[in-house]
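The following note is intended for a colleague who is meeting this structure for the first time.

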Amino acid sequence: MCGRFAQPRSSDELARIFRARRVTELEGGRFNVAPTDEVAAVVEHHGERQLDTFRWGLVPYYAESSREAARLINARAETVEGSGAFRTSFRRRRCIVPADAFYEWRRTAGRSQSARPQPFAIRRLDGAPMAFAGLWAVWRDPLSARRLFTCTIVTTTANDLVAPLHTRMPVILDADDWDAWLDERADLGLLGSLLRPAAPSVLEVFPVSQAVNSVRNNDPTMLDRLPDAAGAASLS
């Protein structure tokens, strides 16, 4: 799954990298994004890419309240095309969620069951932002008629690098696939072929501070690499 990630770059920088027009007022500096937080995501409207703001946790149009957002932060690649919650978004409302890293946790071998799991960061080796495959939706509050724009991150089977930490990982789109994923008229068969694990060779995994465990902590030290021994970083 993907339950926490880092989106530290400014919206201007993200708009430039993803060749999008910046619509969002959301700024960067977010190193510990959690479910129901606002995030920047890239969408396509009438052939134009836009970087806009969405709340993380998809609320389907038919939901009675926005509380569903906390449940639907991820969509499984294997079932997304047929899922009632995600089917419409997969066909018509896809997005890219930029992230410099995502976090996973592993209980350290030999420690007591009460010990806190060790957090790890996963990011690209070349330092470029990752492009998570995402879906978005619009929900209208039945009482106020206020529109809420939300998104979810598509996950797939973990690759060999991430598998020691979790069985799932976000779908990370290659730059060559951005156009196809965002294309409002894309073939569903082609889209399904993009929902695959990233090659282990393009990513790295390293231990980070326990400070990541608290959503109240948000600063660049979240991505500081701990010494291997201190973080029990062996993933063998």
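1. Two strands are said to pair if DSSP finds at least two bridges between them. The model discussed here is predicted. In it, strand E1, residues 5–7, and strand E8, residues 101–106, pair in the antiparallel sense over two bridges. Phenylalanine 5 has phenylalanine 102 as its bridge partner in E8.

2. The pairing of E1 with E8 belongs to an open sheet of five strands, whose order is E3-E1-E8-E9-E13 and whose pairing is antiparallel. Strand E3 (30–33) and strand E13 (203–207) are at the edges; each has a single partner strand, so one side of each is left without a neighbour in the sheet. From one strand to the next, the twist averages 25°.

3. Further along the sheet, E8 and E9 run antiparallel and are joined by five bridges; here tyrosine 103 stands opposite alanine 121 in E9. E9 also pairs with E13, again in the antiparallel sense, over five bridges. On that side, alanine 121 stands opposite phenylalanine 206 in E13.

4. How many of the seven residues of strand E9 are buried? Five of the seven residues, in a strand that spans residues 118–124, are buried, so E9 is largely enclosed by the rest of the structure.

5. Turning to the chain as a whole, its secondary structure comprises five helices and 13 strands. Its radius of gyration is 17 Å, close to the 18 Å that the globule rule gives for 236 residues, so the chain is as compact as a globular protein of that length. Along the principal axes, the C-alpha atoms fill a box of roughly 50 × 40 × 35 Å.

6. Buried residues make up 50% of the 236 residues. The protein chain exposes about 11200 Å², of which carbon and sulfur atoms supply 48%. Among contacts with a separation of 6 or more, 66% are between residues 24 or more positions apart.

7. The largest nonpolar core has 32 residues, and those that touch the most other members are Phe86, Ile96, Leu135, Val154, Leu173, Trp181 and Leu195. The elements giving two or more residues to this core are helix H1 (11–17), strand E4 (38–45), strand E10 (130–140), helix H3 (178–182) and helix H4 (188–194). A second, separate core holds 29 residues, including Ala41, Val43, Phe132 and Met169.

8. Leaving aside neighbours within four places in sequence, isoleucine 96 is in contact with residues including Phe18, Val42, Leu173, Trp178, Trp181 and Leu182. Ala41 and Phe132 are also among the contacts of isoleucine 96.

9. Leucine 165 is a loop residue, placed between strand E11 (147–157) and strand E12 (168–170). Is leucine 165 buried or exposed? Because buried means under 20% relative accessible area, leucine 165 counts as buried at 9%. Its C-alpha atom is separated by 9.3 Å from that of proline 119, a residue 46 residues apart from leucine 165 along the chain.

Conventions
Residues are numbered from 1 along each chain as its sequence is written. This is a predicted model: local features need pLDDT of at least 70, side-chain atom pairs count only at pLDDT 80 or more; totals for chains, interfaces and linings use all residues. Side-chain values use heavy atoms; hydrogens and water are left out. Helices (H or I, at least four residues) and strands (E, at least two) are DSSP runs, numbered from the N terminus. Axes are lines fitted to C-alpha atoms, for helices over the stretch in contact, and angles run from 0 to 180 degrees between N-to-C directions. Buried means under 20% relative accessible area, exposed over 50%, partly exposed in between (1.4 Å probe, protein chains only). The radius of gyration is taken over C-alpha atoms; the globule rule is 2.2 Å times the number of residues to the power 0.38. Contact means heavy atoms within 4.5 Å. Accessible areas come from the Shrake-Rupley method with a 1.4 Å probe; for residues, only the protein chains shown count as cover. A nonpolar core is a set of buried Ala, Val, Leu, Ile, Met, Phe, Trp, Tyr and Cys residues joined through side-chain atoms within 4.5 Å.
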